[in-house]
Amino acid sequence: MRYPRIDSVFFTENRSQLVERLKPDSVAVVNSNDAMPRNGDQNFPFRQNSDLFYLTGLDQEQCMLVLCPGHPLPAMREIIFIPKVSRDQVIWYGRKYTLEDATKISGVKTVKYLDEFDVTFKDLMSRNERIYLNQNDYPKYVTEVPYRDLRFGQKVRIDFPAHQTERLFPIMTELRLIKKPVEIELIRKACHLTKQAFIRSLSFIRPGVMEYEIEAELIHEFIRGGATGHSYAPIIASGADACILHYNVNNKHCNDGDMVLMDFGAEYANYSADCSRTVPVSGKYSVRQLQCYEAVLRVLKSAVKMLVPGVTLDQVQAKVCSLIDQECIGLGLYSEEDKKNSPDRPLHLDYFMHGVSHFLGLDVHDSGNRQVVLRKGMVVTCEPAIYIEKEGIGIRLENDILVDDDPVDLMADIPIEPYEIELLMSRQ
C-alpha cells in the first residue's frame, strides 16, 4: 500500500449510512473486483471495486462484505470474508490480509475466511426476505466480461429464487456523491501529484519528442509521489489529433508549431484527479493559438463560478454552450448570420461537442448524473474546449472543483495562464 492507512472510522461511518437506507429484513453483499488475466501467468495490476473500497478500505482481490443489520447477534451484522493464504502462496506472491489486518483496515470486527461463506450466507438468507445486489449501472458502461458482483448476483437468483432482489447502485451513488473531508484531502493529494507531473513535463516538451515520452514524464512523477499511476489512460495529443476526444495511442512526434493537449491525472489511494492543459510544443503560442487559448480560458473562469449548490450539470452545460457560441463567433468560426441559417443544429457543436463537467471521486467519472442538483461537498470537473480541426487546433482546459457557495478550485495552483506556461517552458 503506497498511501498512509485511512482511519477505519471513515469506512464504519459509510457502512452505517448505507445500513440506514436498507429496507427491513435485508442482506447486502459487495464483492471485490477480480484479478484480471493478462497473458501467460500474469494478471493486470489490480484495482479495487470502488464501492467495496468505500465501505471497507480493503484493497485486495477475493474479498467480500456482507451486511445483515437485522440479525439478532451483533457479530453477524457486518462480516468480511477474505481468502485463506497458504505459506507457499506467501513465499511466491507475498502477504495477503490476515483476519486482524482486515479488522484494522475496515473496522469490521467479524472477519471470516471464504471457505466459511456458503454456510454463513445461507443462514443469513434464511432469516431475511430480500438481498441487495451490487453492480455497475453507470449508463455509458458496457462490458462483455461478467465481473464478480454480476456473477454473484446471477448465482443468488438461481440459489434463492424466492427472495426479493434490490439494487444497491442507487444507494451507493447517493452516498458517494457528497465527499467527506478525508476524501477531499485524498483528491487534493491526487491533484498535487498531477501538478508536480505537469510542471515536470513542461521542462521536457520540445519539438521532436514523442507523445509517449511526455506520458513517461507524467508517470515518473506519479509513482515517485506514491500514486498508483494514472487515474485513466492519459491523452497526449499533438497537432490535429487534439481534436480526437479520446485519443490515447500517444505515439507521434510533437512538431514545432503545433500544440499538445494533455488530459491526465494521478490516482492516489484510489481517488482520481482529472486535468487538461494545452501547451505549445515550441514553448510559445502563436498569435492564433493564443487567441483560441484565451477564449477557452475565459469560458473556464466563468464556468467555475457556476458550480454552486442548487444547479444541475445540465443547466451549467447550457450556459457554457452559450459562452462557447459567442467565443466561436469572436474567433471567426461562424457568424450571427450563419446561426440564423442553421436553426435546427447549434453551430457550436462543430467545435465543442462534449459535456463541460462530470462528477469525480473514486472513479474519474464518478457516481452521479447530469440532472443531480449540486450540493456542497460534491466534486466535479470543469472542462470547456474548442476544437478547430481544419486549423489543427484542439484546446481543452480542465480543473477539478469542490462545489460550494464560493466554488473551490482544487487545481488553482496548476499553471494555466499562457504566460505562466511559456515562462516554465523557457527554462528547459
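This is a predicted model: local features need pLDDT of at least 70, side-chain atom pairs count only at pLDDT 80 or more; totals for chains, interfaces and linings use all residues.
1. Residues are numbered from 1 along each chain as its sequence is written, and side-chain values use heavy atoms, without hydrogens and water.

2. Ile386 is also among the residues with the most contacts inside the largest nonpolar core, which has 120 residues. Such a core is a set of buried Ala, Val, Leu, Ile, Met, Phe, Trp, Tyr and Cys residues joined through side-chain atoms within 4.5 Å, where buried means under 20% relative accessible area, exposed over 50%, and partly exposed in between (1.4 Å probe, protein chains only). Helix α10 (residues 287-306) gives the most to this core, with ten residues; helices are DSSP runs of H or I, at least four residues, and strands are runs of E, at least two, numbered from the N terminus. Apart from this core lies another, of 17 residues, including Val27 and Cys68.

3. On the cysteines, you will find zero disulfides, a disulfide being a pair of cysteine sulfur atoms within 2.5 Å. Cysteine 191 has its closest cysteine sulfur in cysteine 275, 8.1 Å away and too far for a bond. Cysteine 191 is buried, at 2% relative accessibility.

4. Lastly, methionine 36 sits in the loop between β1 (26-31) and β2 (37-39) and is partly exposed, at 35% relative accessible area.
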